[in-house]
Amino acid sequence: MTHDEAAAPGDGVLLRLDRVSKRYRRDALALDGVSLRVAAGETVGLVGESGSGKSTLARLALGLLAPDFGTVRFDGHDPHRLRGTAGRRVRARLQFVPQQPRGSLNPALRAGEAVAFALRLHGTPRRERPDRVADLFRKVGLDPDLARRRPRELSGGQVQRVAVARALATRPDLIVCDEPTSALDTTVQAQVLDLLAGLQERLGVAYLFISHDLAVVRRLAHRVVVLRHGRIVEEGDAASLWEAPRHPYTRALLDADDGAPARRRAPEPPTPTRPGDPEPVGEPSAP
Ligand SMILES: Nc1ncnc2c1ncn2[C@@H]1O[C@H](COP(=O)(O)OP(=O)(O)OP(=O)(O)O)[C@@H](O)[C@H]1O
């Protein structure tokens, strides 16, 4: 494992991409000189249309791919080269919530077993796992009794909550969320976004939040990075970018969706959770 002095541990930056380029075989560059930071406790929204390179950037951030040029560092470590016990400890702090959680959960395992498996991988003793699973289910607004269900016996929103519980099992500092709500209908989408916002308030977790939908990104992100053809064309704090986009591509993204100005249709940001508020309520636990 390497430790990059330039990553300046202590500056609050968790994820750091510097001039990263990636090409698949002989195709055009999927990413071309992209630099990006995610600080502890913040949400960076990554937006762009299909094929702009969002998932490639997610895979690089998670260490599933290595860049052709440039560097990727998570808390000073190259996520593609995490090995051994020390590497596992770092990896535990960098988690992923995918777009299609049903596909990422083993259909043969009960939901609780999927979460317990993540706990086991990261060294939670067997006797502590049932309590931790129940606790994680409550944290994501699910009745712990649902731990006995298999993914096919849960709704899309409930499965996504299980995926969030599994990501939280290792007490991560950063969760990469790749279109985590795009497979859900609007009401459930809003509930999952509120859940993520509430978890950030309570746990201080940071998100790299990827979506093609600016209205969704606006709801959570402190900063937004706009990707087009593998390059960053605009970035800035979410409110200014929303009110006064500088790049024509960003304006086009904002005005997409049947030509209706997306700004006007943006959902309100979530109400901050106050200490003592009840845990977020999940969807009704359908039988
Ligand atoms: N495994 C792969 N092999 C070859 N080309 C790939 C591969 N994965 C992605 N690409 C190409 O890289 C470019 C960026 O793709 P990427 O999936 O990162 O974009 P995206 O913004 O996430 O798109 P989407 O929103 O549709 O998932 C595209 O041109 C895509 O065709």
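Axes here are lines fitted to C-alpha atoms, for helices over the stretch in contact, and angles run from 0 to 180 degrees between N-to-C directions. Keep that handy for the helix pairs below.

Before you click anything: this is a predicted model, where local features need pLDDT of at least 70 and side-chain atom pairs count only at pLDDT 80 or more, while totals for chains, interfaces and linings use all residues. Residues are numbered from 1 along each chain as its sequence is written.

**Stop 1: helices 4 and 5.** Select residues 111-121 for helix 4 and 129-139 for helix 5; they pack at about 120°, with axes 9 Å apart. Helices are DSSP runs (H or I, at least four residues), numbered from the N terminus. The crossing is right-handed, a term used if the near helix is turned clockwise from the far one by less than a right angle. Now show the contact (C-beta atoms, placed from the backbone, within 7 Å): G112, V115, A116, L119 and R120 of helix 4 face R129, R132, V133 and L136 of helix 5. By class, that is five nonpolar, one polar and three charged residues. Ala, Val, Leu, Ile, Met, Phe, Trp, Tyr, Cys and Pro count as nonpolar, Asp, Glu, Lys and Arg as charged, and the others, Gly among them, as polar.

**Stop 2: helices 4 and 6.** Pick A111, A114, V115 and A118 on helix 4, then V162, A165 and R166 on helix 6, to see the contact. It has six nonpolar residues, no polar ones and one charged.

**Stop 3: the two domains.** Colour 1-93 + 173-272 as domain 1 and 102-171 as domain 2; the bounds come from an automatic or database domain assignment. Their centres, taken over C-alpha atoms, are 24 Å apart. Each domain puts 10 residues into the contact. On the domain 1 side, helix 2 (84-92) and helix 7 (186-203) each supply at least two residues, and helix 7 gives the most, with four. That side divides into eight nonpolar, one polar and one charged.

**Stop 4: the ligand.** Which residues are around the ligand? Select Y24, D27, A30, G48, S50, G51, S52, G53, K54, S55, T56 and H212; each has its C-beta atom, placed from the backbone, within 6 Å of the molecule. Helix 1 (residues 54-61) gives the most to this shell, with three residues. Coloured by class, the shell shows two nonpolar, eight polar and two charged residues.

How values were computed
Two residues are in contact if their C-beta atoms, placed from the backbone, lie within 7 Å.
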